[in-house]
Amino acid sequence: MAKPAKLKLPGRVLEDVVIAAGEPWGRVLEKGDRLRIVDLEGRQAVDFLCYNADNPAERYNAADTMKINGTLWLKKGQKIYSDLGRVLFTLAEDTVGYHDTVAGCCSAESNRVRYAVWPTPNCRDNFLVILSKFGLGKKDIVANINFFMYVPVGPGGALAIKQGKSKPGDYVDLIAETRALAVLSNCPQKYNPASGGNPTPVRVVAWRPSA
Ligand SMILES: [Zn+2]
């Protein structure tokens with residue numbers, strides 16, 4: 001696809017890339033840096049993990065993020081917590097109002113169990129590819145955030161992965177509240193509606209407002 005138009009952002013753009021459907025991405029952000037993830041075509045799930053870049057044993061904690069924010073569904077203004085009770089990122093802007101914290105990432109193994117297919121491209125393998133570039137591996141993968149993914153919880157705790165609600169151009173902006181490693185997998189899933197059955201590219205822009 002054609003490269004999207006340049007964004008007018010204050011400060012210096014560090015990186016502006018389109019991530020193809022099914023590809024991973026990651027980088028270290030300094031405190032105060034911003035990260036925008038744009039769902040270019042809508043209904044795309046983006047699996048996301050983050051770490052203290054100086055001590056990756058400190059990492060995103062799903063349960064504490066849910067408890068402290070008091071919600072299963074992340075939205076604007078909420079904070080992403082580490083397992084040491086520190087804020088790794090703030091969700092500063094959000095045009096969707098709905099991001100999943102409970103469904104985790106797809107894997108070849110879970111796809112086999114759920115959909116009787118093997119092997120399949122999957123987010124867990126993507127995380128391993130990108131984490132290996134930062135010296136991390138299997139033991140560093142924990143329950144992740146799914147930006148733009150719609151996982152409603154019904155009466156009695158019923159859980160379902162439904163088709164995403166995001167529209168083309170919807171985005172989230174994250175502020176790094178410490179020096180942080182952010183990694184994502186642009187989900188290749190075709191066997192449930194997380195990415196509308198048709199995974200599509202996303203755009204990732206990192207910038208430094210103060211520069
Ligand atoms: Zn996935």
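Reader: Buried means under 20% relative accessible area, exposed over 50%, and partly exposed in between (1.4 Å probe, protein chains only). With that settled, what kind of model is this?

Author: This is a predicted model, in which local features need pLDDT of at least 70 and side-chain atom pairs count only at pLDDT 80 or more, while totals for chains, interfaces and linings use all residues. Residues are numbered from 1 along each chain as its sequence is written, and side-chain values use heavy atoms, with hydrogens and water left out.

Reader: Let's start with the metal. Which residues hold the zinc ion?

Author: Its protein donors (N, O and S atoms within 2.8 Å of the metal, or 3.2 Å for Na, K and Ca) are the SG atoms of Cys 106, Cys 123 and Cys 187, lying 2.2 to 2.3 Å from the zinc ion. Sites may look incomplete, because water is not among the atoms.

Reader: How are those donors spaced along the chain?

Author: The spacing is C-x16-C-x63-C. Cys 123 and Cys 187 link distant parts of the chain, being 64 residues apart. Cys 123 belongs to helix 3, and Cys 187 to the loop between strand 11 (180-186) and strand 12 (202-208). Helices (H or I, at least four residues) and strands (E, at least two) are DSSP runs, numbered from the N terminus.

Reader: Are these two cysteines buried or exposed?

Author: Both count as buried. Cys 123 has a relative accessibility of 0%, and Cys 187 has 3%.

Reader: Changing topic: what is the order of strands in the open sheet?

Author: The six strands follow the order 1-12-3-10-7-6, with antiparallel pairing. Strand 1 (12-19) and strand 6 (79-81) are the edge strands, each pairing on one side only. Two strands pair if DSSP finds at least two bridges between them.

Reader: How many bridges join strand 6 to strand 7?

Author: Three bridges join strand 6 to strand 7 (residues 87-94), and these strands run antiparallel. Across them, Ile 80 stands opposite Phe 89 in strand 7.

Reader: And salt bridges, how many are there?

Author: The structure holds ten, where a salt bridge is a side-chain nitrogen of Lys or Arg within 4 Å of a carboxyl oxygen of Asp or Glu. One of them joins Arg 203 and Asp 16, whose closest N and O atoms are 2.8 Å apart. This pair links distant parts of the chain, with Arg 203 in strand 12 and Asp 16 in strand 1, 187 residues apart.

Reader: How accessible are Arg 203 and Asp 16?

Author: Arg 203 counts as buried at 4% relative accessibility, whereas Asp 16 is partly exposed at 22%.

Reader: Which side chains meet in a salt bridge at 3.1 Å?

Author: Those of Asp 64 and Lys 67 do, N to O. Both residues lie in helix 1 (residues 62-69), three residues apart, which is about one turn of the helix. Asp 64 is partly exposed, with a relative accessible area of 22%, and Lys 67 is exposed, with 59%.

Reader: What does Lys 76 form a salt bridge with?

Author: Its partner is Glu 93, and the closest N and O atoms are 3.2 Å apart. Lys 76 is in the loop between strand 5 (73-74) and strand 6, and Glu 93 is in strand 7; the two are 17 residues apart and link distant parts of the chain. Glu 93 counts as partly exposed, at 31% relative accessibility.

Reader: One last point: which residues are linked in a network of salt bridges?

Author: Glu 30, Asp 54 and Arg 179 are linked in such a network.
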